[in-house]
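Welcome! Let us take a walk through this protein together, one part at a time.

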Amino acid sequence: MQIAIDEILIKDGRRELDKSHVQELAESIRELGLLNPITIDQENVLIAGLHRIEAVKALGWTEITCTISSLEGLQAELAEIDENIVRSDLSVLDYGEMLLRRKEIYEQIHPETRHGGDRKSEEIKAKKIRLDPAKSFVQDTAQKQRLSHGR
């Protein structure tokens, strides 16, 4: 699906743009086309692809191919972090900050995975027994990054 670039909402708090990466990406897109669409939610809020948007803007494009995701809220933020961790060359500080935020989000979504977390409250007890219990933060992060988690 195509969307007008000026209809995409970009929220504050995203990682900073790497202008040299935007330029490299623009050159690649000029040569090969846009190989991976951006991802937005159903309200046109950007989930993934800020550098791609800036690259096509530099090329004078007014529209960009996008995928519309049903993710929202914390799930969308988690997807954005995962994409940045996997695709980007992050500084050690940026990587650490993203991992910390990923852990906060993951444990909000899956409180039962928190070390010493909520395993006994009535809310947790009332939840249906899951046949596929949530992985620990470390297991989930290692899987997303295709790393061993030291078992």
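Helices (H or I, at least four residues) and strands (E, at least two) are DSSP runs, numbered from the N terminus. What you see is a predicted model, in which local features need pLDDT of at least 70 and side-chain atom pairs count only at pLDDT 80 or more, while totals for chains, interfaces and linings use all residues. Residues are numbered from 1 along each chain as its sequence is written, and side-chain values use heavy atoms, with hydrogens and water left out.

Let us begin with the overall layout. The protein chain has six helices and four strands, and along the sequence they follow the pattern β-α-β-β-α-β-α-α-α-α. Of its 151 residues, 32% count as buried, where buried means under 20% relative accessible area, exposed means over 50%, and partly exposed lies in between (1.4 Å probe, protein chains only). The accessible surface comes to about 10,300 Å², and 51% of it belongs to carbon and sulfur atoms; such areas come from the Shrake-Rupley method with a 1.4 Å probe, and for residues only the protein chains shown count as cover. Among contacts with a separation of 6 or more, 70% are between residues 24 or more positions apart, a contact being heavy atoms within 4.5 Å.

Now to the strands. Two strands pair if DSSP finds at least two bridges between them. Strand S4 (residues 63-68) pairs with strand S1 (residues 2-4) in the antiparallel sense over three bridges, and there Ala4 stands opposite Glu63. S4 also pairs with strand S2 (residues 38-40), in the parallel sense and over three bridges. In that pairing Ile40 stands opposite Ile68.

Stay with Ile40 for a moment. Ile40 belongs to strand S2 and counts as buried because its relative accessibility is 0%. Ile40 and Ile68 are 28 residues apart in sequence, yet their C-alpha atoms are 5.1 Å apart in space. Leaving aside residues up to four places away in sequence, the residues that Ile40 touches include Ile3, Ile8, Val45, Leu46 and Cys66.

Further along, Asn44 sits in the loop between S2 and S3. Its phi is near 70 degrees, a positive value in a residue other than glycine. Asn44 is partly exposed, with a relative accessible area of 21%.

Next comes helix H2 (residues 50-58), whose buried residues are Leu50, His51, Arg52, Ile53, Ala55 and Val56. After H2 comes Gly60, with a positive phi near 90 degrees.

Strand S3 (46-48), helix H3 (73-87) and helix H4 (92-109) each supply at least two lining residues, and H3 gives the largest share, seven residues.

Finally, look at Glu83, which is placed in helix H3. Glu83 counts as partly exposed, at 22% relative accessibility. Its C-alpha atom is separated by 9.3 Å from that of Lys144, 61 residues apart along the chain.
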